[in-house]
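Let me put the structure up, and then we'll go through it piece by piece.

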Amino acid sequence: MLPEGDWIARAPSLKRKEVLLAKVQDEGGHGLYLYSAAETLGVSRDSLIQDLHAGLAKYSSIFNYPTLTWADVGVIGWLVDGAAIMNQIPLCRCSYGPYARAMIRICKEESFHQRQGYDLLLTMMTGTDEQREMVQDAVNRWWWKTLAMFGPPDAESTNSEQGMAWGIKRYTNDELRQRFVDATVPQADYLGIKLPDPDLKWNDQRSHYDFGEIDWAEFWQNVNGDGPLNKQRLQARSDAYESGAWVREAAMAYAQKQKEKQH
């Protein structure tokens with residue numbers, strides 16, 4: 001499970017390794033929940049996986065960036081999973097039942113992921129100067145990428161209007177992005193982290209934080225398949241699927257055997 005899976009064997013303690021393993025296991029489960037929800041629309045899971053491996057299906061572009069240091073694991077938990085929660089909590093009450101029910105469990109588990117990330121960073125920020133510098137560097141690299149996770153500006157979003165009309169999406173991209181910034185700035189202040197945005201400041205008139213412009217050219221380059229690790233991520237997924245074929249075959253054979261016993 002990339003990108004964080006790169007650090008399972010390199011976690012600095014058994015406790016951190018256990019926590020990261022639990023998170024990675026959760027994330028694998030989230031994929032299964034969503035595939036199950038998609039199957040209720042009449043599409044097969046096999047076809048969805050084939051489309052993913054062929055580069056025809058979209059997935060979260062944030063996964064196409066590398067985790068350069070251990071601090072990245074904490075920042076992903078705090079920022080990336082925090083953004084996911086902000087985006088997904090409204091989906092728990094969306095108009096499509098299978099999707100909404102899947103999101104309820106996903107959001108509970110993502111809440112744990114965010115807390116473990118924040119705890120990891122809090123520990124590092126009370127450590128050595130080198131550890132604090134490592135955290136700040138990771139935040140500098142992930143902050144803008146996280147803000148882009150909410151999707152393009154409302155004026156340029158091709159799907160938001162339809163999603164809102166169907167009741168799948170309950171808040172616009174820009175509304176969710178603003179909520180995330182407003183919630184995250186006080187957390188950064190408590191950690192002692194400086195968010196890498198010279199334009200970030202409180203606006204009394206709006207009662208929200210103003211923030212700078214996102215690099216949308218980088219965002220679209222990544223989404224369209226030309227990010228830092230797009231090809232490697234898809235190859236890793238394809239290799240894992242092929243190497244796990246024997247597990248699926250054994251499970252199917254066992255299920256068939258049990259079925260025959262019942263008759």
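So, to start: is R45 buried, exposed or partly exposed? R45 is partly exposed, with a relative accessible area of 23%, where buried means under 20%, exposed over 50% and partly exposed in between, using a 1.4 Å probe and protein chains only.

Quick ground rules. This is a predicted model, where local features need pLDDT of at least 70 and side-chain atom pairs count only at pLDDT 80 or more, while totals for chains, interfaces and linings use all residues. Residues are numbered from 1 along each chain as its sequence is written, and side-chain values use heavy atoms, with hydrogens and water left out.

Back to R45: its side chain meets that of E39 in a salt bridge at 3.1 Å, N to O, meaning a Lys or Arg side-chain nitrogen within 4 Å of an Asp or Glu carboxyl oxygen. E39 is partly exposed too, at 32%. The whole structure has 11 salt bridges.

Another one pairs R105 with E109, at 3.2 Å, N to O. These two sit four residues apart in helix α4, so about one helical turn separates them; helices here are DSSP runs of H or I with at least four residues, strands are E runs of at least two, and both are numbered from the N terminus. R105 is partly exposed at 49%, whereas E109 is buried at 14%. In α5, D137 and R141 form a bridge at 3.1 Å, N to O, and they are also four residues apart. Then there's a network, with E4, K23 and D81 joined by salt bridges that share partners.

Now the inside. The largest nonpolar core has 40 residues, that is, buried Ala, Val, Leu, Ile, Met, Phe, Trp, Tyr and Cys joined through side-chain atoms within 4.5 Å. Helix α3 gives the largest share, nine residues. W78 is among the residues with the most contacts inside the core. Beyond its neighbours within four places in sequence, W78 is in contact (heavy atoms within 4.5 Å) with residues including Y118, V139 and I193.

Last stop, α7. It has 19 residues and reaches 27 Å from first C-alpha to last, close to the 27 Å expected, taking 1.5 Å times one less than the number of residues. There's a kink of about 25 degrees at T184, shortly before P186, with the bend taken between axes fitted to the seven residues ending there and the seven starting there. T184 is buried, as are F180 and L191. After α7 comes G192, with a positive phi near 85 degrees.
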